[in-house]
Amino acid sequence: MELGGGPPGPGRPALEQEGIQALQQSVGWLLASYGWYILFGCVTVYLVVQKLAEKMRARRRNRPDAAGAPLEPDVVVRRQEALAAARFRMQEELNEQAEKYKEKQRQLEEEKRRQKIAIWESMQEGKSYKGNLKPNQQEIESTASASSTVPKPKPNKKPLRGGYNPLSGEGGGTCAWRPGRRGGPSSSG
């Protein structure tokens, strides 16, 4: 006993045939409206999947150790020896750089110590102290004083605006800032 009451068509209930017809109409409409887009989308997805599968196969061929294949012992030993040699070379370079840096620091400290001794001796002898000059400037100055040329005296230039402070409101100028009144709203009385 069927629920449809009797088959109106060849062996199927009417409700089932209506569902199939509605499905055929919607699929037909979908293909008619978006058929080319669906086709191009399917082709694109297929090509992307093929490209990714090819890359995965190439990656597996390039890395046999990742696939779990046993490696030859001599290859492993050679790789480890090369790695150890590279580490040793890098460590030697680092040690050389550290040694150069330490030597440079020692030379700088020795130069500072000599400079302090020279300043102390000059102070003990009563000479002027030129502590703000760097050592190379002192050498230039000593060679310049030892030469026979006499430097020209610089003319004294007066400053452009003597004692000008823009925040004070004095000293000329057309723009002068003055603080506002401290009182509240103006009161007339």
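**A chat about the chain**

Modeller: The secondary structure of this chain comes to 3 helices and 0 strands. Along the sequence that reads α-α-α. Keep in mind that this is a predicted model.

Biologist: Good to know. What is the mean pLDDT of the chain?
Modeller: The mean is 79, and 62% of the residues reach 70 or more.

Biologist: Which elements have the highest and the lowest mean pLDDT?
Modeller: Helix 2, residues 73-125, has the highest mean at 94. Helix 3, residues 135-146, has the lowest at 56.

Biologist: How much of the chain is buried?
Modeller: Buried residues make up 2% of the 189 in the chain. The chain exposes about 18500 Å², with carbon and sulfur atoms supplying 58% of that.

Biologist: What about charge, which residues form the positive patch?
Modeller: K51, K55, R59 and R63 form it. K55 sits in helix 1, which covers residues 14-62. K55 counts as exposed because its relative accessibility is 54%.

Biologist: Changing topic: how many salt bridges are there?
Modeller: A search of the whole structure finds 7. In general, side chains of opposite charge can pair when their charged atoms come close. Among the bridges is the one between R78 and D74, whose closest N and O atoms are 3.4 Å apart.

Biologist: Where do R78 and D74 sit relative to each other?
Modeller: Both are in helix 2, and they are 4 residues apart, so about one helical turn separates them. R78 is exposed at 52% relative accessible area, while D74 is partly exposed at 40%.

Biologist: What does E110 pair with?
Modeller: E110 forms a salt bridge with R114, with 3.6 Å between the closest N and O atoms. This pair is also 4 residues apart in helix 2, so the separation is about one helical turn. E110 is partly exposed at 27%, and R114 is partly exposed at 48%.

Biologist: Which side chain meets E125?
Modeller: That would be K127, in a salt bridge of 3.4 Å from N to O. E125 counts as exposed at 54% relative accessibility, and K127 counts as exposed at 54%.

Note on methods. Residues are numbered from 1 along each chain as its sequence is written. This is a predicted model: local features need pLDDT of at least 70, side-chain atom pairs count only at pLDDT 80 or more; totals for chains, interfaces and linings use all residues. Side-chain values use heavy atoms; hydrogens and water are left out. pLDDT is the predictor's confidence in each residue, from 0 to 100. Helices (H or I, at least four residues) and strands (E, at least two) are DSSP runs, numbered from the N terminus. Patches are made of residues with over 30% relative accessible area and no salt bridge: like charges are joined within 9 Å, nonpolar side chains (Val, Leu, Ile, Met, Phe, Trp, Tyr) within 5 Å. Accessible areas come from the Shrake-Rupley method with a 1.4 Å probe; for residues, only the protein chains shown count as cover. A salt bridge is a side-chain nitrogen of Lys or Arg within 4 Å of a carboxyl oxygen of Asp or Glu. Lys and Arg count as positive and Asp and Glu as negative; His and the chain ends are not counted. The place of a charge is taken as NZ of Lys, CZ of Arg, CG of Asp or CD of Glu. Buried means under 20% relative accessible area, exposed over 50%, partly exposed in between (1.4 Å probe, protein chains only).
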